[in-house]
Amino acid sequence: MKNIAIGTGRRKTAVARVYIREGKGTVTVNNKDINAYFATPEQVQQAKQPLMVTSSDAKYDIIINVYGGGLNGQAGACSHGIARALTQVDVSNHTSLKANGLLTRDSRMVERKKYGQRGARRKFQFSKR
C-alpha cells in the first residue's frame, strides 16, 4: 500500500511518525491495535481526536511508529502527528483542526536540573547554624 500522507507529532519527549493510507479505518500503533497499545480509553480517544473532528475515522488506515516518553505523551504525539498528516491529505481539514487546537505542539517539557540545586527549582535545605 502507498502512503497518502506522512506526519510527525511530538509531545514532551515522545515522537510519533504517522503514515496515512487508503483503507477502512484501522489504527495501528507500533504493530499493535490502538486499543491494545494504550492503557486507558482516554488515551485512545485523545490519539483519535483529529479523526473524530474531521469525521474521517472510517476513510483511512493509519500506521503509527511512536517512541520516547510515557503513554500520555505518546497519545498526544500520535494526535499531533495524525492532525498534521490529515492537513496534507486535504487542506480543508486545516481550519477545523486548528480551531480545536490539534495542530499546536504542546511545548511543555520537564525543566532541566540546575547545578547547585536539588532539582530544577528546588534548592538544598538551608541551615543557618
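Biologist: Among contacts between residues at least 6 apart in sequence, what share joins residues at least 24 apart?
Modeller: That share is 68%. Contact means heavy atoms within 4.5 Å. Keep in mind that this is a predicted model, where local features need pLDDT of at least 70, side-chain atom pairs count only at pLDDT 80 or more, and totals for chains, interfaces and linings use all residues. Residues are numbered from 1 along each chain as its sequence is written, and side-chain values use heavy atoms, with hydrogens and water left out.

Biologist: How many helices and strands are there?
Modeller: Four helices and five strands. From the N terminus on, the order is β-β-β-β-α-α-β-α-α. These are DSSP runs, numbered from the N terminus: helices are H or I with at least four residues, strands are E with at least two.

Biologist: Which residues have the most contacts inside the largest nonpolar core?
Modeller: Phe38, Ile62 and Ile64, in a core of 27 residues. Such a core is a set of buried Ala, Val, Leu, Ile, Met, Phe, Trp, Tyr and Cys residues joined through side-chain atoms within 4.5 Å. Buried means under 20% relative accessible area, with a 1.4 Å probe and protein chains only.

Biologist: And which element gives the largest share of that core?
Modeller: H3, with seven residues.

Biologist: What does Ile64 touch?
Modeller: Beyond its neighbours within four places in sequence, its contacts include Val18, Val27, Cys78 and Ile82.

Biologist: New topic. What box do the C-alpha atoms fill?
Modeller: Roughly 70 × 30 × 25 Å, along the principal axes.

Biologist: How much of the protein is buried?
Modeller: 36% of its 129 residues.

Key. Buried means under 20% relative accessible area, exposed over 50%, partly exposed in between (1.4 Å probe, protein chains only).
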